[in-house]
Amino acid sequence: MVEATDFKNAMSWLTGAVNVVTTSGASGRHGFTASAVCSVTDTPPTLLVCMNQAARSHVHFIDNKILSVNVLGAHHRHLSSVFSSKMSSEERFEYGVWTELETGAPVLEDALVSFDCQIEQMQEVGTHTIFICRIVAIQHSQHDQALVYFNRAYHQVGQAKIA
């Protein structure tokens, strides 16, 4: 049997994009930092997001049934820390410039790309909930340096374009 610690150590070698996942509804705006995001299919455009059920904002994502995945650029390292901190939800949104697309979930204006989504399915697996999300709008920025998490540290990938 694989121990949880061995699994976590092995997963640290899996490079992942760093994202801030947000929602909005009657109880306010909420968000968290996540690397457990991936595409599911392009027909219809769908992605999945995994969220720890113990997270204080978990219930808000379930109630709102909408979310936005904001893929962070290298210049957003501070936002990753903010959205994984013990700050209140209101304080977190004081960082960055936020707007909305179709669903009303907060979208980071200068994210590499933002996926605005309706949560269509939820599946509880162990300590996490998997949200299966239909993408209803996409917004791109002009940035080309991504923030990734590898071996328990942040790294920058991509190359500045030469004019």
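1. Thr41 has Thr46 of β5 as its bridge partner, and β4 and β5 run antiparallel, joined by five bridges. Strands here are DSSP runs of E with at least two residues, helices are runs of H or I with at least four, and both are numbered from the N terminus; two strands pair if DSSP finds at least two bridges between them.

2. This is a predicted model, in which local features need pLDDT of at least 70 and side-chain atom pairs count only at pLDDT 80 or more, while totals for chains, interfaces and linings use all residues. Residues are numbered from 1 along each chain as its sequence is written, and side-chain values use heavy atoms, with hydrogens and water left out.

3. An open, antiparallel sheet of seven strands runs in the order β3-β2-β6-β9-β10-β5-β4. Its edge strands are β3 and β4 (37-42), each of which pairs on one side only. From one strand to the next the twist averages 30°, where axes are lines fitted to C-alpha atoms and angles run from 0 to 180 degrees between N-to-C directions.

4. An open sheet of three strands, also with antiparallel pairing, has the order β1-β11-β12. Because β1 (16-17) and β12 (153-157) stand at the edges with a single partner strand each, one side of each is left without a neighbour in the sheet. Five bridges join β11 (residues 146-150) to β12, and Val148 has His155 in β12 as its bridge partner.

5. The structure holds one salt bridge, defined as a side-chain nitrogen of Lys or Arg within 4 Å of a carboxyl oxygen of Asp or Glu. The side chains of Glu120 and Arg134 form this contact, at 2.7 Å from N to O. Since Glu120 lies in β9 (residues 113-125) and Arg134 in β10, the pair ties together parts that are 14 residues apart in sequence. Glu120, at 48% relative accessibility, counts as partly exposed, as does Arg134 at 30% (buried means under 20% relative accessible area, exposed over 50%, partly exposed in between, with a 1.4 Å probe and protein chains only).

6. The lining of the largest pocket comprises 34 residues, of which Thr33, Ala34, Ser35, Ala36 and His128 lie nearest its centre. A pocket is an open set of points on a 1 Å grid over the protein atoms alone, where a 1.4 Å probe fits, with protein on both sides within 12 Å along at least five of seven lines; lining residues have an atom within 4 Å of a point. β3 gives the most to this lining, with four residues.
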